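Open the model in your viewer and switch to a cartoon view. Then follow the stops below in order.

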Amino acid sequence: MGRDREVAELLAGLEDAVGGRGRLFLVVGEPGIGKTWLAEHLATYAIRQGARVLWGRCWEGGGAPPFWPWRQMIRALAEDLDQQTLTAWLGTGAAQVAQMVPGLAERVGTTTTSAAPTHESDAARFSLFEAVAGLFRRAASAKPMLLILDDVHAADEPSMVLLQFLARELRGARLLMVATCREVLATGPVGIGEGLGELVREGQLLSLRGLDRGAVRALIEMLSGVVPSQARVAAVHERTEGNPLFVREAVRLLATQAALEWPGR
């Protein structure tokens, strides 16, 4: 709701990807602004259009293994494939990808004794990245794909480098990548900022702002079932700055008995 422009841009990007013009979008905004909602909305549409959707959710609590969001996506893709197709799509990169995803080695008939090569030679890492790119390209040639990486501000360094690599390998692929990121880190003087800057250069930035008053009014009406007054809309918009999550909380609080007894709150 209130994201018509952003939805239209993402749908156009999906159409480009289906036509073999792979693209990358970086969706940036403060917490609660609707980044994940936008990605979910796109995912629903993509599935209806016959595309394969894979999610990789970064973990902010610490302790996640290297390539965690990519592990999630490759594992989900592999579980959906028969043995013959999986082996064919992995090709000569089977051993490299199997290092990244535990349990995959048994399926493809390889053995691995080392962890994912996060600190190995540049050549080894490049070989791994090429193998992952090859897997996604072959999968996308059979069925258009949407890869969604949620909360990349929390991604580990190897995952970010792989994302940058894949962003440069999208040309000619039936593949759309969407990465969501918290704005406070996207612009801050931290190491990940350089990686995000590289993604912006390779793709398209969608910077989400608060909803306008018309969208806030529609959201309040949808949540409460009551047409709000102009004064109520203005007050909620001012207090929440149009953040959809905060608008929802404001509506919930206004519906309580305490808010009715003390309207000034």
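This is a predicted model: local features need pLDDT of at least 70, side-chain atom pairs count only at pLDDT 80 or more; totals for chains, interfaces and linings use all residues.

**Stop 1: helix H1.** Select residues 4-18, which form helix H1. This helix has 15 residues and spans 21 Å from its first C-alpha to its last, close to the 21 Å expected at 1.5 Å a residue. Now show its side chains: the buried residues include Val7, Leu10 and Leu14, and also Glu6 and Asp16. The buried residues of H1 pack against strands S1 (23-29), S4 (175-182) and S5 (204-207), and against helix H2 (35-48). Just after H1, select Gly20, which takes a positive phi of about 90°.

**Stop 2: the sheet.** In what order do the 5 strands of the open sheet run? The order is S2-S3-S4-S1-S5, with parallel pairing. S2 (52-57) and S5 stand at the edges with a single partner strand each, so one side of each has no neighbour in the sheet. On average, neighbouring strands are turned by 15° against each other, direction ignored. Next, select S2 with S3 (145-150); these two pair in the parallel sense over 6 bridges. Arg57 stands opposite Asp150 in S3.

**Stop 3: helices H3 and H8.** Select residues 68-79 (H3) and 157-167 (H8), whose axes are 8 Å apart at an angle of about 60°. That angle makes H3 oblique to H8. Show Trp68, Pro69 and Trp70 of H3, then Ser159, Leu162, Leu163 and Leu166 of H8: these residues make the contact. By class, the contact has 6 nonpolar, 1 polar and no charged residues.

Notes: Residues are numbered from 1 along each chain as its sequence is written. Side-chain values use heavy atoms; hydrogens and water are left out. Helices (H or I, at least four residues) and strands (E, at least two) are DSSP runs, numbered from the N terminus. The expected span of a helix is 1.5 Å times one less than its number of residues. Buried means under 20% relative accessible area, exposed over 50%, partly exposed in between (1.4 Å probe, protein chains only). Contact means heavy atoms within 4.5 Å. Axes are lines fitted to C-alpha atoms, for helices over the stretch in contact, and angles run from 0 to 180 degrees between N-to-C directions. Angles under 35 degrees count as roughly parallel, over 145 as roughly antiparallel, 65 to 115 as roughly perpendicular and the rest as oblique. Ala, Val, Leu, Ile, Met, Phe, Trp, Tyr, Cys and Pro count as nonpolar, Asp, Glu, Lys and Arg as charged, and the others, Gly among them, as polar. Two strands pair if DSSP finds at least two bridges between them.
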